[in-house]
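I opened this entry to go through the ligand site and the backbone. My notes follow in the order of the look-ups.

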Amino acid sequence: MIELPRIIGHRGAAKHAPENTLAGIKAAAAQGATWVEVDVKLTSDRIPILMHDDLVDRTTNGNGPVAEKALADVKQLDAGRWFGAAFIGEQVPTLAEALDLVWRLGMRINLEIKPCPGRAEETAGVALTLARSLWPEGAPPPLVSSFDFAALEMARTVAPDWPIGYLIDRRRPDWAEQADRVRAATIHVNARREDEASIKAYRATGRPVLAYTVNSLPAAREVLSWSVAGVFTDTPQTLAPLMAGG
Ligand code: G3P
Ligand code: MG
């Protein structure tokens, strides 16, 4: 069974550094997180990058759809200025750059495949083919998750031996069947939509559950008391007492 942490830095450490940047991954590490979660999309020239939204508007100084920008255009954008002066000049990282940093920091990573509309299979296929070519063989692999079932099916094909996290926001009636079909190792749920009973139902499938996004210690303690294995957080340092098992 996959070894899971209690704390996963969400989009790096999104409260402390611009999300989905190398600075964010470093901030998570500096705060003691051993795992980070990032969102992966493709540029127009099919290069996997870290970005949450379909548009670059919110998290860079540019505008327009990610899917219409080549990597060279994306690399011109400032992905730190919107967050704070200390991060001016921060770039949108490629997946390759992020994996290299995570490896050098001795961290583990959850790659959330976050396809732009119509690009689910392409995004999972290209991103995971690249990730497999870069991630050292024999090292504990990334955990691959997505809200998009077609992306998960492609992940299962391209990276058959990498663990899959089945991501849920609003639960579908056939969630258990879908999780079985992609042989999901974990179930990732929205902490705000769940309770002790629903977590029990997920756990009854034999899978550990991870919950997003939990930013306070009391809230984290509550979901962990429901037998959630770990939480995604924008602020690892706030949940530091849990890293030591407290
Ligand atoms: O992967 C957990 C969480 O990141 C899912 O939601 O919107 O923050 O990517 P979102
Ligand atoms: Mg995410």
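**Ligand contacts.** I started with Lys114. An N or O atom in the Lys114 side chain sits 2.7 Å from an oxygen atom of ligand 1. I then asked how much of ligand 1 the protein covers. On its own, ligand 1 has 290 Å² of accessible area, and the protein covers 91% of that.

Glu37 places a polar side-chain atom 2.6 Å from an oxygen atom of ligand 1. For Glu112, a side-chain N or O atom is 2.8 Å from an oxygen atom of the ligand.

Which residues surround ligand 1? I listed His10, Arg11, Glu37, Asp39, His52, Glu112, Lys114, Phe147, Leu167 and Tyr212. I sorted this shell by residue class and got 5 charged, 3 nonpolar and 2 polar. I also checked the pockets. The largest pocket is the space that ligand 1 takes.

**Confidence.** The model is predicted, and I looked up its scores. The protein chain has an average pLDDT of 97. A score of at least 70 is reached by 99% of the residues. Where is confidence lowest, and where is it highest? Helix H9, residues 240-243, is lowest with a mean of 95. Strand S3, residues 48-50, is highest at 99.

**Backbone.** I looked at peptide geometry next. The bond from Tyr212 to Thr213 is cis, and its omega is near -25°. Tyr212 is also one of the residues around ligand 1. Thr213 belongs to the loop between strand S8 (209-212) and helix H8 (217-225).

Arg183 is not a glycine, yet its phi is positive, at about 50°. I found Arg183 in the loop that runs between helix H6 (175-181) and strand S7 (186-190).

Terms used
Residues are numbered from 1 along each chain as its sequence is written. Chains are lettered from A and ligands numbered from 1 in the order in which they are written. This is a predicted model: local features need pLDDT of at least 70, side-chain atom pairs count only at pLDDT 80 or more; totals for chains, interfaces and linings use all residues. Side-chain values use heavy atoms; hydrogens and water are left out. A residue is near a molecule or strand if one of its heavy atoms lies within 4 Å of it. A polar contact is a pair of N or O atoms within 3.5 Å; within protein, one must be able to donate a hydrogen and the other to accept it, and residues adjacent in sequence count only if both atoms are side-chain atoms. Accessible areas come from the Shrake-Rupley method with a 1.4 Å probe; for residues, only the protein chains shown count as cover. On a 1 Å grid over the protein atoms alone, a cavity is a set of points where a 1.4 Å probe fits but cannot get out, and a pocket is an open set with protein on both sides within 12 Å along at least five of seven lines; lining residues have an atom within 4 Å of a point. A molecule sits in a cavity or pocket if more than half of its atoms lie within 2 Å of its grid points. Ala, Val, Leu, Ile, Met, Phe, Trp, Tyr, Cys and Pro count as nonpolar, Asp, Glu, Lys and Arg as charged, and the others, Gly among them, as polar. pLDDT is the predictor's confidence in each residue, from 0 to 100. Helices (H or I, at least four residues) and strands (E, at least two) are DSSP runs, numbered from the N terminus.
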